[in-house]
Amino acid sequence: MEKQRNMLVTGGCGFIGSNFIHLVARTRPDWRVVNLDLLTYAGNLNNLEAIEAGNSYRFVKGDICDQPLVSSLFEQERIDTVVHFAAESHVDRSIVGPDAFIRTNIIGTFTLLEAARTAWAKRGGEQDGPIFLHVSTDEVFGSLGESGYFSETTAYDPRSPYSASKASSDHLVSAYCHTYGLPVMITNCSNNYGPYQFPEKLIPLIFNNSRTGKELPVYGDGKNIRDWLYVTDHCQAIIEVLEKGRSGRTYNIGGNNEKTNIEVVTLICDLLDAKIGLLPSGSSRNSLITFVTDRLGHDRRYAIDSTRLKDEIGWQPSVTFEQGIEMTIDWYLANRSWLETVINGSYQDYYKKMYA
Ligand code: NAD
Ligand code: DAU
């Protein structure tokens with residue numbers, strides 16, 4: 001029987017965090033979740049409208065860099081588990097404005113670690129808590145050539161302000177384990193997709209533009225490769241790492257679904273043509289594809305070796321890319337108002353600046 005938990009989830013109103021809270025509510029009803037989220041442009045309370053406040057759930061609007069707030073939550077809520085999602089997460093934004101990435105991803109993680117260390121020491125350094133699970137990215141490993149995979153022993157080689165800030169936070173988390181003995185785990189995951197993803201990211205951006213007949217911007221030659229993972233599979237992996245992972249360990253999480261960007265874009269166009277019909281002109285949505293100036297420093301290929309997760313934890317992805325992308329397109333079609341609210345709200349200025 002899995003133990004009860006008092007869990008601090010940071011960034012629970014974002015894409016992966018909200019999917020995680022939904023999955024916990026469905027499958028681990030004994031876990032109490034305190035969701036600390038600043039509600040930046042990427043945070044959306046609507047993502048969790050089905051989750052009721054009460055014994056199992058509390059939302060706190062606040063900043064992970066706010067040391068008194070973070071410390072008081074550890075005390076008040078007797079936090080025994082931290083799942084740290086909160087971050088600035090979009091590579092393009094980190095290229096035009098890195099400051100927020102340094103603040104939230106590095107200082108924010110440091111603030112949480114200090115609060116966890118203090119709470120842990122006050123409880124006499126219990127072996128089992130508070131366990132600190134840091135949700136990180138495969139981008140810390142840099143870029144692959146045509147062959148090979150990122151494993152847990154691959155050297156760090158971050159190449160964008162985003163990945164450098166995540167690499168810094170990973171190193172801080174490891175250092176707190178090594179120096180103070182704080183029980184930590186780090187997961188490094190590949191590209192996620194699925195419901196509630198903010199439409200600055202490739203898949204929801206292409207869905208929205210192709211549905212509404214706008215240009216589909218493909219960076220460079222469109223042959224950069226990402227290893228796509230359905231978001232619920234990522235969240236399930238995090239739950240299983242919490243339950244079965246070893247303190248001090250890192251785990252790579254990947255979908256074993258390598259696709260070029262142009263393959264992804266074409267698949268979305270084909271699915272939408274089939275589901276809602278061709279464009280009013282009679283053309284396929286593929287005719288909207290436009291090759292645009294490449295992202296600065298664009299990493300060529302990511303691919304994850306998740307053998308450790310499979311062998312030690314017993315996790316593997318449950319959804320293929322073909323299944324997952326269809327589920328995702330169906331979700332966005334059924335939830336157009338969610339997308340429209342986001343686009344007409346916090347996303348509008350950025351969208352105009354990047355794509356007008
Ligand atoms: P997201 O941008 O959708 O959500 C980030 C959330 O963090 C938002 O709700 C935002 O309001 C909140 N937040 C931002 N700054 C905050 C602050 N200072 N204090 C409190 N809350 C703050 O991000 P996501 O795509 O859900 O990613 C979540 C985590 O997973 C990130 O750490 C990211 O690096 C990591 N990750 C993402 C992917 C991916 O494909 N999206 C893959 C691997 C790892
Ligand atoms: O690998 C994990 C990472 O995946 C996470 O750590 C990041 O938080 C997440 O944003 C994601 O980073 P990417 O940069 O890979 O995702 P993005 O959706 O921005 O881009 C995916 C690919 O598509 C990438 O090669 C760039 C390309 N692209 C993206 C956009 C937004 C385009 O060609 N056109 C676009 O308009």
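How many salt bridges does the structure hold? There are 19 salt bridges, each being a side-chain nitrogen of Lys or Arg within 4 Å of a carboxyl oxygen of Asp or Glu. The model is predicted, so local features need pLDDT of at least 70 and side-chain atom pairs count only at pLDDT 80 or more, whereas totals for chains, interfaces and linings use all residues. Residues are numbered from 1 along each chain as its sequence is written, and side-chain values use heavy atoms, with hydrogens and water left out.

One of these contacts joins Asp221 to Arg300, with 2.9 Å from N to O. Asp221 lies in the loop between β8 (216–219) and β9 (225–227) and Arg300 in the loop between β13 (289–292) and α9 (307–313), so the pair ties together parts that are 79 residues apart in sequence; helices (H or I, at least four residues) and strands (E, at least two) are DSSP runs, numbered from the N terminus. Asp221 has a relative accessible area of 37% and Arg300 one of 36%, and each counts as partly exposed, the class between buried (under 20%) and exposed (over 50%) with a 1.4 Å probe and protein chains only.

Another salt bridge brings Glu322 and Lys259 together, their closest N and O atoms being 3.3 Å apart. This pair links distant parts of the chain, since Glu322 belongs to helix α10 (residues 321–334) and Lys259 to strand β12 (residues 258–260), 63 residues apart. Glu322 is partly exposed at 42%, whereas Lys259, at 17% relative accessibility, is buried.

Asp157 and Arg159 also form a salt bridge, at 3.2 Å between the closest N and O atoms. Finally, Arg32, Arg58 and Glu77 are linked in a network of salt bridges.

Notes:
Chains lettered and ligands numbered in written order.
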